Amino acid sequence: MPQPRTIARRIRRTILAIVAVALLIAVGLAGYAYSRVVASLPMDSGDADIDGLTAPVEVTFDDRGVPTIRAATLLDAVAAQGFLDAQERYFQMDLARRYAAGELAELFGARALASDRRQRPFRFRDVAGKLLARTPARHRAILEAYANGVNSGLAALGDVPPEYLALRAEPAPWRPEDSILIMEGMAIGLAQDAEYERMIAVMDEALPPELVRFLTPATDRDDAPILNENPGDPTGGYVPMSIPGPDVVDLREREPYENGLDVEESIVGDINPAPLASNNWAIAANKTSRHSAILANDPHLWHSVPNIWRRSRLVWPGGDAVGVNMPGFPGVVIGANEHLAWGFTNTTGDFQDLIQIETDPENPAQYLAAPDGYTPFGAVVETIRVKGGAAEELVVRTTKWGNVIGEDHHGAPLVMKWAALDPELQNLNLLDMMSATTLEEGFELMRTFRSASQNAVLADDRGRIAWVVTGYLPDRQGFSGRAPVSWARDGVGWKGELPDDQRPQIFDPRTGFLATANNRTAQLPIARRIGRAWARPGRARRILEVLAPMTGATEREMLALQLDTTAPRHERWRAMILDATSGEKATGDLAGALAILKDWNGTADADQPAYRILSRFRSLLRREIVTPLVAPCLEIDASFVYRWTNTDEPVLRLVEERPAHLLPPQHANWDALIRDVFATTVAQCAADGGIGRPWGDANRADIEHPMSGAIPAPLTALRRVLDMPHDELPGDAGIVRVSTPSFGASLRLVASPGHLEDAIFHMPCGQSGHPLSPHYRDGQRDWLEGNPSPLLPGATVSTLTLHPAPR
């Protein structure tokens, strides 16, 4: 009979054998998976075929993987661009179109159903198909050529992109209308007007109108509109908002609201920065060193891996354009040719309107469609396919004004009126920009371009510059657009588009410079026709103040301005703290923090602990002052959160005027409030790395691949393969160099038409979306450090030839 020790040895040998076999299997599986991932690497040399090409296309790559595409026709160049986009970025393209169309569950299963249910009522795929059908033949031909290239590029891969291996899915083919979904997806990301309407509807119901107006200002003391006919008023109409009197609201008569400084959840939230943070400007020939115009653009968006943009140079007979496209949408969205350079910032106007739908009390299947009666809702059925599960049918109610897309805080149906939902109010004129040769031609294309409204800034090779607001600008009648209203009354609705003479624009300005930064760009009478929730104007004012005295400017000076971290608005918070604490004896961390503030260099540089303290103080002060003012809104809507583009203005007004009736009652006076908030700020900073922790250490990059968060804990090391390094970042959301962990400059472009050899370009991450590519992250360092890397592709390191596919 075997002894226990012998049995134990046998068990150990058996276990070791099982483990060895398991390891061999695991290694084999890992090797097999790795071989498939390697097989999916994009081509950078050799030969491949594309359906529909008229002649071979030569693609040369530089040491960063940036392609130069030389083709016999523009359509052939676009087809080659589609081939390369698919090879490098197909999963990104697929995600973008599926998000806009509400088709993520087909790829990710039930976990994506919530997103699809939100998106499907907009019916963007239907909109895209109808827009494609009515678009001019030249634009449709570009989308078709691009789709042919995309599908050929996908088919030429040795295996499916690695994300599909992980998801055990096959990529679906690309269709021409999918490119329109990419454009619509950008419009979705740049719009937040409807959310403001929902918020204001609650505030209107819960608060006195004087208080609502005070908390939602449309002007700011730092306003710097470039379209301003009153040189005596550089703010273009700023008037300090009247502070509501004690007969309107008196906090002394209320119990203190408890959701204060030490509570994580707050009804005073931060705004979504995506629509509110981009810069562009142009300077004319009389202000530059070589007497030629220079354009600069740094659009700020949510970061992801890969980056939202992809670089390329397209060369065809009579055309040579360089810049970026959104993978999935062809051409050059931002960039230059030898004659023109162009760039964008979001207008941040009000282009969405929520329509209150009044249902019949006797029959909820009907709604009030006109003053004289009710009519039945229509319905369309949207089928949501779900990977690994049964398809779901979503019934979308329809009205004469559009689809029901949600409900208000009382559960009443809401319809959205928005040009992005109407194919007749959109076009693809941007596709023609890469072929434009004069400022007049480019200006006209931008003036008539109908998609998400943008501030388009242009510069030409004759030293001239221009700016125009793009997009469909609704002409409202019978309502202001600030909150949802019923359109069932006579004379309420959109009566068409604003006349062209009311479209903000400047051509060849006398000043020799133009700049926009999502701010109010026009004086009040003009701006009021377009919107009211403008971005804080600090970035625009800083840019204009630097440009105004400038002469002999160069591209590198424009880059330096893009990297500017000066924080003049934060000086107000610093002065406020120092004034309130003067004469007070401070010890310990309080004394240390005050010393840090006194030594501040006035920037959001990565090595500045003072900026970290001031940034947190500003946030806490806003919360402490505004929370009791908006607290009654929770009685109307338990999910209410106050977010406005410019909460600094009402906070500063209150601290300056110090009305006793609006002082939160837990504080003895306004100086005491400032000291209390500062003390809390210091305590939080001390607990979070110490008061001397520099801003950059608290503001580290968090640029992730969309699948990174799904990696299980035992494999978290893989995140380092997918994600960018957690580098310290200078800058902040309200600084010219907008930079937060997951939001900031998606690119930087500085270009002078006719002198593109000196043009500068930055982009985080790299050209490729494949984690094993050498170009997955090789642009990150220049973007982080601000190195003046060139826009034009460099010397050729490899060549790919694309041929017409055999018929």
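## Basis and confidence

Residues are numbered from 1 along each chain as its sequence is written, and side-chain values use heavy atoms, with hydrogens and water left out. Because the model is predicted, local features need pLDDT of at least 70 and side-chain atom pairs count only at pLDDT 80 or more, while totals for chains, interfaces and linings use all residues.

The mean pLDDT (the predictor's confidence in each residue, from 0 to 100) of the protein is 94. Of its residues, 95% reach 70 or more. Over residues 1-8 the pLDDT is below 50. That stretch has 2 contacts (heavy atoms within 4.5 Å) beyond near neighbours in sequence. Residues 10-27 also stay under 50. For them the model has 1 contact beyond four places in sequence. Where pLDDT is low, the predicted coordinates should not be read in detail.

## Nonpolar cores

A nonpolar core is a set of buried Ala, Val, Leu, Ile, Met, Phe, Trp, Tyr and Cys residues joined through side-chain atoms within 4.5 Å. Buried means under 20% relative accessible area, exposed over 50%, and partly exposed in between (1.4 Å probe, protein chains only).

The largest core has 149 residues. Trp-309, Met-446, Leu-547, Met-558 and Leu-802 touch the most other members. Helix H2 (residues 74-101) gives the most to this core, with 14 residues. Helices (H or I, at least four residues) and strands (E, at least two) are DSSP runs, numbered from the N terminus. Another core lies apart, with 62 residues. Among them are Ala-533, Trp-600, Ala-604 and Val-655.

## An open sheet

Six strands form an open sheet with mixed pairing, in the order E14-E15-E16-E17-E10-E21. Strands E14 (378-384) and E21 (485-486) stand at the edges. Each has a single partner strand, so one side of each is left without a neighbour in the sheet.

Two strands pair if DSSP finds at least two bridges between them. E14 and E15 (residues 392-399) run antiparallel and are joined by 7 bridges. The bridge partner of Glu-382 in E15 is Leu-394.

## Two buried residues

Ala-610 is found in helix H17 (residues 609-630). Ala-610 is buried, at 1% relative accessible area. Leaving aside neighbours within four places in sequence, Ala-610 is in contact with Ile-596, Leu-597 and Trp-600.

Ser-708 lies in the loop between helix H21 (695-698) and helix H22 (719-722). Ser-708 counts as buried because its relative accessibility is 0%. Not counting residues up to four places away in sequence, Ser-708 touches Arg-719, Leu-722 and Asp-723.
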